[in-house]
Amino acid sequence: MIKAAIFDMDGLLIDSERIIMQGCIQAAATIGITYTQAEYVELVGRVWSDSTRLMTQQLGSEANFQHVMQGLNAFLETRDHAFPLKDGVQALLQYYQSHGIICSVASSSPIPHITHRLTHTGVLDYFRHVTSGQEVKRGKPHPDIYLLALERLGLPADECIAFEDSELGAQAAIAAGLRVVVVPDLRQPSEQVRANAHQVVESLQHWLEHHDSLVGCDLSRTQ
């Protein structure tokens, strides 16, 4: 039986990646740049410094990057930088809370973004710890953020389970020795991640309804 669950945030707990991607595409279009989903997906899961460097390369210059960031910020301001919860999040967090499972966040986003977004959706209080990619030297796919989250939990990896939506995030959790449940968002996981993931499911709601969420067993295989 697991004792703790560690969750990524963007694209897993909250439906933010599609909205941010839309803002980037629209902002890039105002300066004649066609920015694609394939390009944006390469940013997903990365810490801000890595994303900044890669996106600057994608857009061709620092000036273009700054223009897109200004446009994105204006786009998000219209939403108060808030995003909806994804399917099954509230129910799974309530389920884990009722069964004494500690919940934690390990997100590449900065701490202010994490706390704002989770507060706005009303789920911040479910999490005992919040760990940001800005607190470690190496971002995902390196295991550092998950190792720090485990240290804060005071638990070994085999007593925890991780939830990720991105390729880089799943790689980080696997590298930390965690069982990882992958819930794809913008892109399906690679064959390598599928081979090493504990499960790949369509949503957290599906995980809650079709698996023994305390031990990670597929109920269809045990009934």
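Two salt bridges are counted between domain 1 and domain 2 in this predicted model. On the side of domain 1 that touches domain 2, the residues comprise seven charged, five polar and five nonpolar. Polar contacts across the interface of domain 1 and domain 2 amount to six residue pairs, with both residues of each pair at pLDDT 80 or more.

Contact between the domains involves 17 residues of domain 1 and 16 residues of domain 2. The size of an interface is often expressed as the accessible area that is lost when the parts come together; for domain 1 and domain 2, the area buried between them is about 1,400 Å², of which 60% falls on carbon and sulfur atoms.

The cysteines were also examined. A disulfide is a covalent bond between the sulfur atoms of two cysteines, and a search of the whole structure returned zero disulfides. For Cys160, the closest cysteine sulfur is that of Cys103, at 11 Å, which is too far for a bond, given that a disulfide requires sulfur atoms within 2.5 Å. Cys160 is buried, with a relative accessible area of 0%, and Cys24 is likewise buried, with a relative accessible area of 2%.

Technical notes. Residues are numbered from 1 along each chain as its sequence is written. This is a predicted model: local features need pLDDT of at least 70, side-chain atom pairs count only at pLDDT 80 or more; totals for chains, interfaces and linings use all residues. Side-chain values use heavy atoms; hydrogens and water are left out. Contact means heavy atoms within 4.5 Å. Buried area is the accessible area (1.4 Å probe) that two parts lose on being put together, summed over both. A salt bridge is a side-chain nitrogen of Lys or Arg within 4 Å of a carboxyl oxygen of Asp or Glu. A polar contact is a pair of N or O atoms within 3.5 Å; within protein, one must be able to donate a hydrogen and the other to accept it, and residues adjacent in sequence count only if both atoms are side-chain atoms. Ala, Val, Leu, Ile, Met, Phe, Trp, Tyr, Cys and Pro count as nonpolar, Asp, Glu, Lys and Arg as charged, and the others, Gly among them, as polar. Buried means under 20% relative accessible area, exposed over 50%, partly exposed in between (1.4 Å probe, protein chains only).
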